[in-house]
Amino acid sequence: AEAAPTPRPKPSPRRRPTAAAESAPPVPAAAAPASPNAPAAAPKPERVDARYATRRAVRFTSSPQQARLYLDGRYIGIADDWDNRGGGRELEPGPGAHFVQMELPGYRSMTLEIDVTPDADKDSPSIDDELDRREKAAYDSLPAPYDRTTGAIEFAVEPPGATVMENGRELGPASGFGPASPLQLSGPAVHDLVIATSGYRPRLVRILVAPNAGKDRAQVKLALKAD
């Protein structure tokens with residue numbers, strides 16, 4: 001007798017998606033990475049005391065002249081460095097909105113918004129805000145910039161073994177930053193460099209670095225005094 005045919009399995013019923021799956025939003029595609037040349041957004045402060053619009057730059061004729069300036073959270077020097085007088089220059093923060101914090105011990109700090117836009121009325125307005133003094137407090141009085149550059153700094157220091165430091169961080173021996181391999185720093189900012197070595201008095205050298213410095217290379221030539 002013939003064997004009975006094997007019954008074919010019935011196909012499983014097609015499952016409908018659950019209500020949660022039907023209502024779930026589609027998974028978004030990964031965002032493209034930001035361009036490395038795109039400017040970083042300025043941090044938004046909680047308080048803004050004054051606003052300025054400019055087509056290109058600003059000049060700080062503020063008081064006190066020793067007020068420390070922080071551009072978008074980054075230290076850039078004192079008000080006197082950016083008054084476009086003597087060794088100072090105009091501050092060119094770049095297109096877009098920026099925030100400058102002005103502060104000094106014993107004074108109430110101020111936050112300024114600077115909007116660099118082609119629609120502004122002035123090319124380089126003067127910022128003459130005055131900080132309110134609250135109490136007597138000591139602070140270091142910083143000298144005018146020793147030199148200025150668009151970025152490169154060349155050293156000729158005695159003794160040659162002296163070290164160049166910034167904010168307590170060693171950048172290297174002064175002898176290593178000669179004509180063939182100058183130190184490269186970015187701006188706009190005034191860099192407070194300390195040159196020091198054992199047995200000698202350290203020396204503060206302030207270098208203004210900015211695209212409008214007017215010089216491609218700063219030169220630091222000095223001899224440290226024995227301690």
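Reply: What follows goes from confidence to the overall fold and then to the cores.

Reply: This is a predicted model, in which local features need pLDDT of at least 70, side-chain atom pairs count only at pLDDT 80 or more, and totals for chains, interfaces and linings use all residues. Residues are numbered from 1 along each chain as its sequence is written, and side-chain values use heavy atoms, with hydrogens and water left out.

Me: What is the mean pLDDT of the chain, and over which residues does pLDDT stay under 50?

Reply: pLDDT is the predictor's confidence in each residue, from 0 to 100; the chain has a mean of 86, with 81% of its residues at 70 or more. Over residues 9-39 the value stays under 50, and there the model has 2 contacts (heavy atoms within 4.5 Å) beyond four places in sequence.

Me: How many helices and strands does the chain have?

Reply: Counting DSSP runs numbered from the N terminus (helices H or I, at least four residues; strands E, at least two), the chain has 1 helix and 15 strands.

Me: Which residues have the most contacts inside the largest nonpolar core?

Reply: In soluble globular proteins, nonpolar side chains tend to be buried together. A nonpolar core is a set of buried Ala, Val, Leu, Ile, Met, Phe, Trp, Tyr and Cys residues joined through side-chain atoms within 4.5 Å, buried meaning under 20% relative accessible area with a 1.4 Å probe, protein chains only. Here the largest has 25 residues, and Phe60, Trp82, Met102 and Leu112 have the most contacts inside it. Its largest share, 4 residues, comes from β6.

Notes
Buried < 20%, exposed > 50% of the residue type's maximum accessible area, 1.4 Å probe, protein only.
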